[in-house]
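Have the model open and follow along.

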Amino acid sequence: MNWLTNFVRPKLKGLVQKKDIPDNLWEKCPSCSQMIFHRELDDNMRVCQHCGHHMRLSAKKRLDMFFDEGKYQIIELPPTVADPLKFKDRRKYTERLKEARGSSDDVKDGILVAHGKMGGNNVVAAVFQFSFMAGSMGVAVGEAIVAAARLAVVQDAALVMVPASGGARMQEGILSLMQMARTTVAVEEVRDAGLPYIVVLSDPTTGGVSASFAMLGDIAIAEPGALIGFAGARVIEQTIRETLPEGFQRAEYLLEHGMIDMVTPRNELRDTLVRIISLLRNPKPAGDLVPLSVEEVAEETIDVTSEAITDETGEEPSGDSKE
Ligand SMILES: [Zn+2]
């Protein structure tokens, strides 16, 4: 019996049992429904190669893609009270938090803050993790944004924020709403220090996040097709009793209406950020200044003055023009 149970049965089981094949090798594009192999999707920065749909990206992957040579340092975020209101709906908030954290050590809450270089410039980046309770902003996220802003000031760095959030974290009630004011003051500190604050609005940027720091960037960039707005479209439709235009609350619509500065595809995002930060941090002419010779300068001056004199009327000015 022992021989049968200890030796034969495991052997047979081994033959019959399927090997562990991860079932998420293929992902379906939510826009065009094409099945895409996971490695292809990763290589393409999670942008569908069939229709160009930009899928959500984890905070870690976004940081990997931002910094020079993928090198950066994730900072430890200030500790906060985990469940200040002892909140419970169908489940305890602490349980939800635990589940969201899972086995990941990187993401303690819905945001990661890192510092490094972009195009050789100091940059602090705060990136939301949408998969963590819909990237909602509670005390911990607010605290992280304040920490990121202060770090940018200390390091004389540009601040780049990438929100991906459903808004305030309702399990923290009024305390989560207070983060709207705190984060607004935090980015104001960056502005006071004369440092650039750039926001990359990713899908989705909604609720209290869009109503605070997310719409305050010196430069507002959005990813194609990103949902950006305060209240949901259905709520607005019911309130104003009107059908909303097509593409309402999407990045391209906001660009058309002057709410953001540009819509940038993900594969051009890093280069765009590097260009903007370099321009803002090093306001020098891009090329070398070539001094003109003395004669050339003299000629230029004469040309300009004679042009100015004969300008418009084509006649020489006759003394006082007030007459
Ligand atoms: Zn697609």
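## Ground rules

This is a predicted model: local features need pLDDT of at least 70, side-chain atom pairs count only at pLDDT 80 or more, and totals for chains, interfaces and linings use all residues. Residue numbers start from 1 along each chain as its sequence is written.

Seven strands form an open sheet in the order 3-4-5-6-7-8-9, and the pairing is mixed. Strand 3 (72–74) and strand 9 (262–263) sit at the edges with a single partner strand each, so one side of each has no neighbour in the sheet.

On terms: helices (H or I, at least four residues) and strands (E, at least two) are DSSP runs, numbered from the N terminus. Two strands pair if DSSP finds at least two bridges between them.

## Strand 6 and its neighbours

Strand 5 (residues 121–128) runs parallel to strand 6 (residues 158–162), with five bridges joining them. Val123 stands opposite Ala158, and Val127 opposite Val162. Strand 6 also runs parallel to strand 7 (residues 197–201), through three bridges; here Val160 has Ile198 as its bridge partner.

Helix 6 (residues 173–192) carries the chain from strand 6 to strand 7 in a right-handed β-α-β crossover (clockwise from the first strand over the helix to the second, with the strands pointing away from the viewer). Strand 5, helix 5 (residues 139–154) and strand 6 also make a right-handed β-α-β unit.

## Which way the side chains go

In a regular strand, side chains alternate between the two faces of the sheet. Ala158, Val160 and Val162 point one way from strand 6, while Leu159 and Met161 point the other way. Five of the five residues in strand 6 are buried (20 or more other C-beta atoms within 10 Å of the residue's own, with C-beta atoms placed from the backbone).

Definitions and conventions: Buried ≥ 20, exposed ≤ 12 C-beta atoms within 10 Å, placed from the backbone.
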